[in-house]
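Let's take a walk through this structure together. Have the sequence and the 3D view open, and find each spot as we come to it.

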Amino acid sequence: MSKSPDQKNEQTKIPGKLPVLPVRDLVVFPQMVLPLFVGRDLSVKAIEKAAAEKKLILLAAQKSLDIEVPKVEDIYTLGTVGTIMRMLRLSDGRIKILVQGISKARILSFSQTEPYFEAEIEVLEEPTLDQISSEVEATVRAVKEQMEKAISFGKFLMPDVVALIENLEDPGRLADLVVSNLGLKVDLAQDVLETIDPVERLKKANDILSKELHVLIMQQKIQSEAKGEMDKVQREYFLREQLKAIQKELGETDDRSEEIEEFRKKITAAKMLKKVEKEALKQLRRLERMHQDSAEAATVRTYLEWMVELPWSKQTKDRLDLVSAKKILDEDHYDLERIKERILEYLAVRKMKGKLKGPILCFVGPPGVGKTSLGKSIARSLGRKFIRISLGGVHDEAEIRGHRRTYVGALPGRLIQGMKQAGTANPVFMMDEIDKIGTDFRGDPSSALLEVLDPEQNHSFSDHYLGVPFNLSNVMFITTANQIDPIPLPLRDRMEMIELSGYTVEEKAGIAKNFLLPRQLEDHGTSAKDVSISDAGMEQIITQYTREAGVRNLEREIARVLRKIARKMAEGGKQKIRVIPSNLHQFLGIPKIVPEAEAESDSIGVATGLAWTPTGGDVLQIEATIMKGKGELILTGSLGKVMKESAQAALSYIRSQEKVLKIKAHVFAKNDIHIHVPAGAIPKDGPSAGITMATALTSALTGIPVRHDVAMTGEITLRGRVLPIGGLKEKILAAKRAGMTTIIFPKRNEKDLEEVPKHLQKGLKFIFAEQVETVFKHVFRKKKRPKRSASKKSPRKIIKRTQTKAKG
């Protein structure tokens, strides 16, 4: 035997040390070209090392498929040196490579195992035959004939591989090509690879091919028997069809025929679109041909039931009487004039034009302000059906678009389910908690809603289960949210935002008198003849037992009062009970909310700020004090990053104005400053407390008390500018609830005051500030000069005494 010159040239180019790529479930042969997907870290690094040098790598099979991180002993010592022809990085972090085997090589030793395998190798030269004997030629022919038989019995091979096998005469290459295309187990293929002699290798390939051919013959026999069973089933089907025809001639019908005919009538009566009706009839014909007890028949039957029960053309007639609609809205809801006006505008345009796409509204506001109940009132005023679904916590896109019918137990999405429940094509469809939709590996429901809430697209909404377009353009969609920010911007852009702020004490009292109390009286089996709550008593429930933007807790407290009264009546009491402030504690206990003592008088180092929360506006008492130290700023009260930066900005501004504010420079160097925002367990953040912190700090440093009846909000800059804020109405409500008389806002928020109802502004004085100096002018009481005593105390002692007082 001798070696070919080409092999010698190739082998001289292969270095003695190469990166090793452990290959699972596959043995690579020389001259073999195949793609590999590489995902393990050690494999990726080996590929990167090879690609950076000569693009040569040793492809060695792994003994066990289950080992994720192989060791040296888990890898066969004989493999194939391959060249990387192409390399592509995939989006999931894996690498796809196209490699070609060059030559066999044996691992002598591993030079490293981390971060990838690298080994000293010995290239094994492929012996060539000087002369092909008759025995070898006979074996070659036998292998080719058996390969042709295997293909005829169903073994699939690529046409170019078949052509190559027919033309190959080299026994070694023929053996490698045949074995690499049979899909053998790793240990069997590795045994062939480790056989160096080409004639022996061809004989092993011939034996393996004989066994594979035997398996293929048995497989074809089994398939023939299965086909015979299928023919039997088809024969039974035709006999049943003949029986059905005979029954029809005799005037006898079976249940299945009645079912098919009933479906056909319902499809016609549903008045579907042409392409929808075509699909329904197609599925009906499929059902007609199926065996009634098969699993697929049940799936098709369920699908047809959904199709015929959906309101494709059925609509309710809108009540276009604006006076009647306004009366209904006023009966159900107190105030909310802006929303009522929007609904009446829609009805007016609908009345004038005759046909109008349903609006897509989003009610944004704190809990308990009546967003969901408002949707019911809108449906009642329009004379439409009302459907509500909650999107809070929905993570799966299939909840919106439905599951494909290929899945077991598949159903349409919640939108189509709601339309079936409504029974009409134009209901008022409310989707609660749209700001609480989740996203995970199952898809993004908010993206699926983009089609639903787009008037230009929802006329042909496609549900995965139905597989046909459904018209949602006549539906009035109403969504609700507590906050705007969590709603994705593309989804927010498709909706008309209408904000519902919290209620004042007067508004809550009106809601309680007109809605909550009558409803609770009915729920508790009592009436106005048995129970009454005075206006003063109701106001005390609102101010001392609840603190919220909406009225949920107020309704709970009213229910609590009525439960105790119902018990007294059940025990034999017949006298009418009147709830007034003096006896309210008998029903609700001691007040839960008591005004803080520091808010009753002016204090040094305490300023009242206004904040916005998802539940409405709130009042914050920000405290500041100074004490001996090293000039540190201490911040407490669960403050967020933005709020801490506001405190630092306020301090920097005050230090820059120390001469104007008459603060000694050494005060900052020799004292620590502590800012605290009470209710420390509640996280707080946002820039709007800037001027409040500046006011509290200035008061603590100068000893001048801050007016307790003034509330403020605004962001501060290092130059003393006051920047605008959001949530103006909510903050005004909070200040009014807390008994403030004066509110300081940024000058640039003055235009927003026009949107605040006049009755909310009553009794309040508004000051709009552009600079912090304006804030200081209105929040500090004029400090009285200390009178000179006979002892003529020095100014330094007076300043020292003032600072000591500020620290306290």
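## A cis bond in a loop

Pro 115 sits in the loop between strand E5 (95-112) and strand E6 (117-124). Glu 114 and Pro 115 are joined by a cis peptide bond, with omega at about -5 degrees. Before we go on, keep in mind that this is a predicted model, where local features need pLDDT of at least 70, side-chain atom pairs count only at pLDDT 80 or more, and totals for chains, interfaces and linings use all residues. Residues are numbered from 1 along each chain as its sequence is written, and side-chain values use heavy atoms, with hydrogens and water left out.

- Strand E12 covers residues 476-481, and six of its six residues are buried; buried means under 20% relative accessible area, exposed means over 50%, and partly exposed is in between (1.4 Å probe, protein chains only).
- In a regular strand the side chains alternate between the two faces of the sheet.
- In E12, Met 476, Ile 478 and Thr 480 point one way, while Phe 477, Thr 479 and Ala 481 point the other way, and all are buried.
- Strand E7 (residues 360-364) runs parallel to E12, and five bridges join them; two strands pair if DSSP finds at least two bridges between them.
- Along that pairing, Val 364 stands opposite Ala 481, and Phe 363 has Thr 480 as its bridge partner.
- E12 also pairs with strand E9 (residues 428-432), in the parallel sense and over four bridges.
- There, Phe 429 stands opposite Phe 477.

**Strand E7, seen from its own side**

- Is E7 enclosed or open? Five of its five residues are buried, so E7 is largely enclosed by the rest of the structure.
- Ile 360, Cys 362 and Val 364 point one way from E7, Leu 361 and Phe 363 point the other way, and all are buried.
- E7 is also joined to strand E13 (residues 496-499) by four bridges, and the two run parallel.
- Val 364 turns up again here, with Glu 499 in E13 as its bridge partner.

**Two residues with positive phi**

- Gln 31 has a phi near 70 degrees, a positive value in a residue other than glycine.
- You'll find Gln 31 in the loop between strand E1 (17-23) and strand E2 (33-38), and Gln 31 is partly exposed at a relative accessible area of 36%.
- Glu 433 has a phi near 55 degrees, again a positive value in a residue other than glycine.
- Glu 433 belongs to the loop between E9 and helix H16 (445-452), and with 26% relative accessibility it counts as partly exposed.

**Salt bridges**

- How many salt bridges does the structure hold? There are 34, where a salt bridge is a side-chain nitrogen of Lys or Arg within 4 Å of a carboxyl oxygen of Asp or Glu.
- One of them links Glu 309 and Lys 420, whose closest N and O atoms are 2.9 Å apart.
- Glu 309 lies in helix H10 (residues 295-309) and Lys 420 in helix H15 (residues 414-422), so this pair ties together parts that are 111 residues apart in sequence.
- Glu 309 is partly exposed, with a relative accessible area of 42%, and Lys 420 counts as partly exposed at 29% relative accessibility.
- Another salt bridge brings together the side chains of Asp 432 and Arg 388 (2.5 Å, N to O).
- Asp 432 lies in strand E9 and Arg 388 in strand E8 (residues 386-390), so the pair ties together parts that are 44 residues apart in sequence.
- Asp 432 counts as buried at 3% relative accessibility, whereas Arg 388 is partly exposed, with a relative accessible area of 43%.
- Arg 560 and Glu 557 form a salt bridge too, with their closest N and O atoms 3.6 Å apart.
- Those two are three residues apart in helix H20 (residues 552-570), so about one helical turn separates Arg 560 and Glu 557.
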